[in-house]
Amino acid sequence: MLMEWLQALQEWQVATFFRRSFYAYPLLNATHIFSLALLIGAILPADLRMLGLFSGIPAAPFLKLMTRLAAAGLVLAILTGFLLFSVQPLEYAGNPAFLTKVSLVALGAANAAVIRLSPGWRAAAASGVVSPSLRFGAVLSLMLWLAALIAGRWIAFL
Amino acid sequence: MRRKTVSGLLPCLVLLAVVFAALPALAHHGWAWTEDEPFELTGEIEEIYIGNPHVTLEVRAEGGTWHVDLAPLARTVRAGFDEEAASIGDTVTCIGFRSRDPGERSMKAARVLVNGATYDVYPRRVPNI
């Protein structure tokens, strides 16, 4: 079932196009890196702000802006990542670093969703006061996204 | 409060530094994972992949099937190795460098000889043999 789906994905016209292109594939790769820069470049300062750094900047508007940018980065990373995956789906599906990366991204996104839906987040967004549970979420977020970045880069080295 | 945060970040940064320091040793990118002595493999092509990010061959030889990395797609095609160059079942000779791991049947080719033609995908890496 999964194998058939991967096989079909490999034969998808868009995948075939990127597989054999000289310019589109490197550009797709660059767009994936851009989206990672956007995601990590925004989530990192947000997490650090929740942990008490840059305390001179008001937390509420800063966290709102940074999490929006990070969400945009995540969406773009998933789209470009899916296209990169489609070029050699059977290869990547058997790569332990890829499977680790995807799991870490899922955990990172789930953690972000839990933070966003928590009462602590609403309090921080309204008054700028960061609760201890929000701080725990921020530490988890930092570790998950950085681990996902490392696992992702590792795909090419296995 | 602030001191607590910084002390928590430090172990993370140390871990990152260790991980990045270990990367070159494991790299299948580049040539760090291959032996320095030249290596030659002759066998029958079982699989050809001509696409991004790298062109690869599976070559059946004595002792088993080898995984052969060529260059990235653009570079390999520029060297003349494209869909017309070889077919499954053709006899191929790959000259390059094998994995340092003796249990791993994997190599990176600088030169490929097939059907009477020579393709130098990494001309400056072709060993003088």
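Analyst: **Core contacts and their setting**

Apart from neighbours within four places in sequence, A:Ile43 is in contact with A:Met66, A:Ala70, A:Ser141 and A:Trp145. The model is a predicted one, and the description below should be read accordingly.

A:Ile43 belongs to the largest nonpolar core, which has 28 residues. Together with A:Leu39, A:Ala46, A:Ala70 and A:Leu134, A:Ile43 is among the residues with the most contacts inside this core. Two or more residues of the core come from each of helix H3 (24-50), helix H4 (59-87), H6, H7 and H8 of chain A. The greatest contribution is that of H8(A), with 8 residues. In general, nonpolar side chains tend to be buried together in soluble globular proteins.

How many residues does the second, separate core have? That core has 22 residues, and B:Val68, B:Leu70, B:Val92 and B:Val121 are included in it.

Helix H6 of chain A, residues 96-117, has 22 residues and reaches 32 Å from its first C-alpha to its last, close to the 32 Å expected at 1.5 Å a residue. Its buried residues are A:Phe98, A:Lys101, A:Leu104, A:Val105, A:Gly108, A:Ala112 and A:Ile115. These lie on the same side of H6(A), because they cover an arc of only 125° around the axis. An α-helix has 3.6 residues a turn, so residues three or four places apart point the same way. On the other side of H6(A), the exposed residues are A:Pro96, A:Ala106, A:Ala110, A:Ala113 and A:Leu117. The buried residues of H6(A) pack against helix H5 (89-93), H7 and H8 of chain A.

The loop between helix H7 (119-127) and helix H8 (132-154) of chain A holds A:Val129. Is A:Val129 buried or exposed? A:Val129 counts as exposed because 11 other C-beta atoms lie within 10 Å, where the limit for an exposed residue is 12 or fewer. Beyond its neighbours within four places in sequence, A:Val129 is in contact with A:Ala123 and A:Ala124. A:Pro89 is 40 residues from A:Val129 along the chain, and their C-alpha atoms are separated by 45 Å.

The C-alpha trace of chain A spans about 50 × 30 × 25 Å along its principal axes. Of its 158 residues, 31% count as buried. Among chain A contacts between residues at least 6 apart in sequence, 76% join residues at least 24 apart.

For chain B the pattern along the sequence is α-β-β-β-α-β-β-β, with 2 helices and 6 strands. Buried residues are 26% of its 129 residues, and 50% of its contacts between residues at least 6 apart in sequence join residues at least 24 apart. Strand S3 (residues 64-72) and strand S5 (residues 106-114) of chain B run parallel, joined by 3 bridges; B:Asp69 has B:Lys108 in S5(B) as its bridge partner. Strand S4 (residues 91-98) of chain B runs antiparallel to S5(B), with 7 bridges, and B:Ile95 is partnered by B:Arg111. A further 4 bridges join S5(B) to strand S6 (residues 117-120) of chain B, also in an antiparallel arrangement. There the bridge partner of B:Val114 is B:Ala117. The hairpin of S5(B) and S6(B) has 2 residues between the strands, and B:Asn115 takes a positive phi near 50° in it.

Key
Residues are numbered from 1 along each chain as its sequence is written. Chains are lettered from A and ligands numbered from 1 in the order in which they are written. This is a predicted model: local features need pLDDT of at least 70, side-chain atom pairs count only at pLDDT 80 or more; totals for chains, interfaces and linings use all residues. A residue is buried if 20 or more other C-beta atoms lie within 10 Å of its own, exposed if 12 or fewer, and partly exposed in between; C-beta atoms are placed from the backbone. Two residues are in contact if their C-beta atoms, placed from the backbone, lie within 7 Å. The expected span of a helix is 1.5 Å times one less than its number of residues. The arc is that of the directions from the helix axis to the C-beta atoms. A nonpolar core is a set of buried Ala, Val, Leu, Ile, Met, Phe, Trp, Tyr and Cys residues joined through C-beta atoms within 7 Å. Two strands pair if DSSP finds at least two bridges between them.
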